[in-house]
Structure formats: C-alpha cells, structure tokens
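I wanted to look up how charged side chains pair in this model, and I kept these notes as I went.

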Amino acid sequence: MEIVTTIRREVLTLPAAHLGPDNPLPPLRPLDEMHRIEDRDKAGLPRDMARQIGHAPLHSLLPVPVRDGYDRDRAPRPVDALVIENDRLRATVLPALGGRIASLVHRPTGRELLHRNPVFQPANFALNGAWFSGGIEWNIGATGHTTLSCSPVHAARVPAPDGGEMLRLWEWERLRDLPFQVDLWLPDGSDFLYVGVRIRNPHEKPVPTYWWSNIAVPEECRVLAPADEAYHFGYEQRLRRVPVPECDGADRTYPPRSTYAADYFYDVPDGRRRWIAALDADGHGLVQTSTDVLRGRKLFVWGRGPGGRRWQQWLTEPGTGGYCEIQAGLARTQLEHVALDAESEVSWLEAYGPFAARPEGEWHGVLDEAENRLEEVLPRARVDAAYAAWQPHADTGPGERLATGSGWGALEVLRAGLKLPGTPFDETTLGEEQEPWLHLLRAGSLPEPSAGRPPGGTLVARHWRDMLETAPATPLTEYHLGVAQWHAGDRAQAVRSWERGLRHPSSAWPALRCLAVSDQEDHNPGRAADRYLEAFDDLCREAGESGGAWTAVTAALGREAVDALLAVGRTADARSVWERLDPATRARGRFRLAEVALLFAEGRKEEARAVFDAGFEVADLREGDEVVGRLWAALTTEPLPERYDFRMRPTP
C-alpha cells in the first residue's frame, strides 16, 4: 500500500514580538503560583486525589531562568514550522516554540479545528514567564504552563507503525530532570492525528510527574465530556465539587456563560472512555480521546468579565475570536502530581480529529449520542490497538533531524551515562550554556565567565551540588553552591557560602543580591534594602558603560532594588537606582509601572497619574496580578480604565 503521509519544513511569517533575553538572576523566591488550595478544601476529596495534591509541589523554578525580556512590538518575522499531513488532515508544528501544534486543518472541508493565533505574542503565563496562546501545547513539569512554552525542542523523522513516517519531538524537562517524547503520525486516510507520549524517569528514585495536553478551541461552542460532576477552581483559589452541566444557575458547558475565568476538572468515572469535545452551534468541532492512562479532562474559560476579555485581547490582535481550552492530563486536576517510579516510564496515546454530533439538548442524551458517534468514527479498541502498535516504535532511533533543542539533555546523559533509546541527546547539541558545567564534570572546577560576562545559570540537582562542594572554592563556585544549597532548602548553608564568596576581591553583586533575597525571606526588609543598594552600586561599577549582557542584569537587579527600597520608605535611594537605569529600560512598561509607584511614594500623585494617562503596557504582567489596579486605586476613585483591567476575579 502506498503511504501518502508527508512531513516537510515550512517557514511561517507572523506578526511576532521579540522574546528578548532571559532574566539573568537566579529565581530564588517561591513561585507565585495560582493553583494552590487551602487544607480545608482537601476534606472530602478522594484519598488518591488529596494525596496527589500534596505530593511534592514545586517550590522553585531553579535551574530554569525566568523569561521576562520579551516585548509587545510585533513585526512580521519568520517562524520555523514542520508540517505533517495526509489526504485528510494537516498539522503545523512549531519546534522552536515547545513543539506546539499551531494549526490542525481538516483538508476536505478546509475547517481549522483549533483556535489558531495569527500572532506570536508572549505573555506571563508559563511557570517561567513567556507563553503564548493557541493550538495544542504539551505541558510537562509542574502545575502550570511548561517552562518549554517558548523554547526549542528536538525534532526528527521516525518510522511510523504503518510503515510511513512519524514526527518525533523530544526534550529534557529541567524542573524534574525527565526526558520525554511526543510522536505524531497520520495513518493513510485517517481523520485522526495520533500522538504517542512517553515520559521516562532514568533516576534511582521516584520523581513527581505532571502532564496536561492543552487544546485551544473557539469559545463559541459547547464542551462535552463524560461526567456529571466537576471540580471547580477559580482565581479565589478554592476547589469545590459542582454539578455538570448546570452550576450556579447557568449551563457552564457553554464557555460564554461564565462570568469569570475558571477551571472545570471533569470527574470522569472509572471505566468510562476518556474523551472531550468542543462543538459549535451546528454540531461541528474537534474531539480528543486517549488511552486510559491520561485520565483527566478539563475546560478552562476566560469568562465574560472585563479582565477575561482584556487578557484575550492582550494575547492576540483585534478581530481575533475568543477561545477556551479543553485539556487532558495524568491526574483528575492540575493541582496534583503523580509519582513516577525509579527507572520506569509512563506512556499513552492521544487522538485528535474532526467531530460532528448534536450539541443541544438534555445532557445525558447529548453525551450518549456523542459517545456512540465517537465509537463509530474512532472505536475505543482502535485507539488501544494504535497504542499497542506504536509502543515498539517508541525506541526506534530518529532519522533525519529536523530541529535542534537544548544541550541540557546531552549534559545529563554524559554525566550519568544514560541510555535513552529513541531520544538521543547528542554531544553535538552542547552549547555555551553547558560549557562551564561540562568543565566541572570533566575537570572538577568551574571556569570564570568569559570576557567579564555575568555568571550564567546554576545547576541545582544533588549530583551537581555535590560536585560544587568539592570544587575549588572560588567566589564563583561559592555563589553557585549557595544557589544550589538554597534550592535544596539548606538556607543557612547557602548564606554561609555567599558570605564566604564575599571575602575575595571580585564581583560582589551576585552574592549580595542573593543575600538580599535571603533577608527578605527572613522578614528583614531593612537589611535587604541595604544589600540591594550595595549590590546595584557594585554592578554599576563592574558594568561601566558596556551594554550587551549587562543591560539585562542591570534591568533585573534595578527592578528588584527599587521595589525593596520603596518597601522600607527609602524613596531617595530608589530614585538613585531608577536614574541609573538605561533610558530604553526605563521606557519599558514594567519600569513605567515602577515609576508610578516611585512617584506615588514621593508624594507626586499628579505626575504618577500622568504616567497612567500617557499609557503604558506591562508586557510581563503576571496572570492574576492585580498590581496595576491597586496603584490606580491609590491615585484616584475613578473606575479602572479598560486598558488596565486584568482582574480575573470578582472585586473584593
């Protein structure tokens, strides 16, 4: 039989913002994570669910840097894409952006099955910052959007189970140190894209694991999932069990009928087929189904409130329709992590395709008809058989390489001598970021940064910490060792390491900034402010007039220093930091917001209000952050202007 599935490269031209540089300061503070609940909400939950909610939640982004250097200045820019298609479906994948499926088109009808974002606009929704909306994303690591949202992954051609070709995506997830792969293939004549996913734990101890496949679809739809109840989670950070479809007086399976942003985690009964669909008023849309390991199903809605609408506008361009997300995960909710045993793996198969069924009517009747229709077009047994057929191919070595990801996997494979069939992390992928750690691995010492550059990121896993402890105790080594100790929870030892590093005549600002964060965590804001000011002074002396790598670190440290100084009422010192920032940095929206806070602290309310009136956009405003509204309320009793209204919950 002739196989007609093809994989090819394309270059898309999109209105795209600059990603910019990563934040060069280690993220020592706890995550500002919305998906947390109070202990009282755990009462009455199923035992496994309550246990998994409390299982090893992430407390730090380390070793991953924060990505906050992007802007909102969009211009036509090329974006590399890989297209896999047969005569029925065409999937467009973005390997440089987490392997996101940006588009899934049903070729006979020309119907786009996803919400396809016509722009690339990062926003602060990922665990580490930069994220963009639309398509199908692969979320691994911890609760929230993956740190790989805007990062490259490896990609290659691989033989498919039917004799054709698969597109394999793979990478090393750094928060949990887990390699994973996503295999996409389209059997000849199939209306469904098959996706085989595998996560491996090559370590000698269990690792908490998280996965959710997020599918953006047009919000003018009805979402169907085989459940009578769901767990509702909103920005009030409360988890409660609610009926499906009607809740609080409205049918919430229609996304436009929700007022505020919310998650609905459907409680699909054991033994029931796992699936979720989004259908328009005519009964057409997309369905996702899987083998049973991927047990969770969820609907996320932005709601009709002003904050939800503003966020939707923020993420795309005028004239683009709104969207909601239908999702599938390893656990019932995204508040949970499951344990992946030592030297084991978890895998499953998903299927995505066009679907038509009756959306209107009594809930159980609609579900029964839809489930029967799904069994006609894609029997459950066929999905299980496709998974069984894929498994022997998961270890097949990739052929032609189509895209290159990071070198972190190669570094870990070298360190531990790992054998990972199917997902090779070649030494050729090692780059500048990995060089000092490769030197530590092979020579037992850390080299000094080249040509007066700031120190790079820190590796914090136990094996790297052990190597740092036995390396020559240079100031750079003490700095990195302190960061690794801090990540491990040994804060007293981290402070001692940073203080030892300060005894040597060299760059003091990296350790001083870390000590300032430690002071803040110890509720000593006065000493934190002293150290922040000293660190910024030292950084300015070292950086001089040079730009490049120093611009990002000066902006990052200056931003933290201004906040710390204002917190203790030292407005003159905060002003001195502000005025030493580069003019282009001060013009950025985040720093315009800091200027408002500084002017307000100085008693210059009219000038602070003038900044609002002139207009600014905080490109990296965090999901759920209400700082803009708080500052506005401090200046005036007027209603918050729509352009600044990002509130995701009822006003307290």
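Which residue's side chain meets that of E400 in a salt bridge? I found that R9 is the partner, with N to O at 3.5 Å; I keep in mind that this is a predicted model. E400 sits in the loop between helix 4 (380–390) and strand 27 (401–403), whereas R9 belongs to strand 1 (residues 6–16), so the pair ties together parts that are 391 residues apart in sequence. I also looked up the exposure of E400, which is partly exposed at a relative accessible area of 39%.

Next I turned to pairs within a helix. In helix 11 (residues 525–543), D538 and R541 are three residues apart, which means that about one helical turn separates them, and I noted a salt bridge between them whose closest N and O atoms are 3.6 Å apart. D538 is buried, its relative accessible area being 13%, while R541 is exposed at 62%.

I then checked helix 15 (residues 589–601), where E595 and R592 are likewise placed three residues apart, about one turn of the helix. Their salt bridge has its closest N and O atoms 2.9 Å apart. E595 has a relative accessibility of 15% and counts as buried, because the cut-off for that label is under 20%; R592, with a relative accessible area of 21%, is partly exposed.

Finally, I looked beyond single pairs.

Technical notes. Residues numbered from 1 in each chain as written. Predicted model: local features only at pLDDT ≥ 70, side-chain atom pairs only at ≥ 80, totals over all residues. Heavy atoms only, no water. Salt bridge = Lys/Arg side-chain N within 4 Å of Asp/Glu carboxyl O. Helix = DSSP H or I, 4+ residues; strand = E, 2+ residues; numbered from the N terminus. Buried < 20%, exposed > 50% of the residue type's maximum accessible area, 1.4 Å probe, protein only.
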